[in-house]
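Let's take a walk through a protein model together. Have the structure open and turn it around as you read.

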Amino acid sequence: MINSTSGPGLLFPKGGWENDETVEEAAVREAIEEAGVRGDLLDFVGDYNFKSKTHEDEFSPEGLCKAAMFALLVKEELNSWPEQSTRIRSWLTISQAIQNCRHAWMKEALEYGFCKWLAQKRKTTS
């Protein structure tokens, strides 16, 4: 997880995607830019709706957004990355991550989406 630049609590790397990339490519890019980690995108964990003040406009006065969450198998921690001056990377257990999650929708993604995905993965590998 990474620190939030707008207040207390931790969050997962997230962001929009560019016109020339898929949502999967954007997830990999955001992990590198914000957390300084590289790895393999394993699976889609789920879609989660949230509100963003920075995305409030005439088309979406409430700032409604949708995040696609993915499981990433981290294979490399970079010593240098684009947002290292404003981001701190933290490694936590699932319970620690749930306790420190800044946003309710990210906590939901972790508790239900990721934990359900992980349980299914463990069943298929045992």
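This is a predicted model: local features need pLDDT of at least 70, side-chain atom pairs count only at pLDDT 80 or more; totals for chains, interfaces and linings use all residues.

Let's begin with the aromatic side chains. A pair of aromatic rings is described by the distance of the centres and the angle of the planes. How many aromatic pairs does the model have? The count comes to 3.

One of them is made by Phe44 and Phe70, with 5.6 Å from centre to centre and 65 degrees between the planes. Planes over 60 degrees apart count as edge-to-face, so that is the label this pair gets. Now find where the two residues sit: Phe44 is in strand β3, residues 37-51, and Phe70 is in strand β4, residues 64-77. The pair therefore ties together parts of the chain that are 26 residues apart in sequence. Is Phe70 buried or exposed? Phe70 has a relative accessible area of 18%, and under 20% counts as buried, so Phe70 is buried.

Next, look for Phe114 and Trp117. Their ring centres lie 5.3 Å apart and their planes are at 35 degrees, so this pair is tilted. Both residues belong to helix α3, which covers residues 104-125. They are 3 residues apart, and that is about one turn of the helix. Trp117 is buried, with a relative accessible area of 12%, while Phe114 is partly exposed at 23%.

Asn3 is buried, at 17% relative accessibility. What does its side chain meet? A polar atom there lies 3.3 Å from the backbone oxygen of Thr86. If you skip residues up to four places away in sequence, Asn3 touches Gly9, Leu10, Leu11, Thr86, Arg87 and Ile88.

Move along to Ser4, and you're in the loop between β1 (2-3) and β2 (10-11). Where a residue sits in the chain is one thing; whether it is covered is another. Ser4 is buried, with a relative accessible area of 9%. A polar atom of the Ser4 side chain lies 3.1 Å from the backbone nitrogen of Ser6. Leaving out neighbours within four places in sequence, Ser4 is in contact with Gly9, Leu11, Arg87 and Arg102.

Notes:
Residues are numbered from 1 along each chain as its sequence is written. Side-chain values use heavy atoms; hydrogens and water are left out. Rings of Phe, Tyr and Trp (its six-membered ring) pair if their centres lie within 6.5 Å; planes under 30 degrees apart count as stacked, over 60 as edge-to-face and the rest as tilted. Helices (H or I, at least four residues) and strands (E, at least two) are DSSP runs, numbered from the N terminus. Buried means under 20% relative accessible area, exposed over 50%, partly exposed in between (1.4 Å probe, protein chains only). A polar contact is a pair of N or O atoms within 3.5 Å; within protein, one must be able to donate a hydrogen and the other to accept it, and residues adjacent in sequence count only if both atoms are side-chain atoms. Contact means heavy atoms within 4.5 Å.
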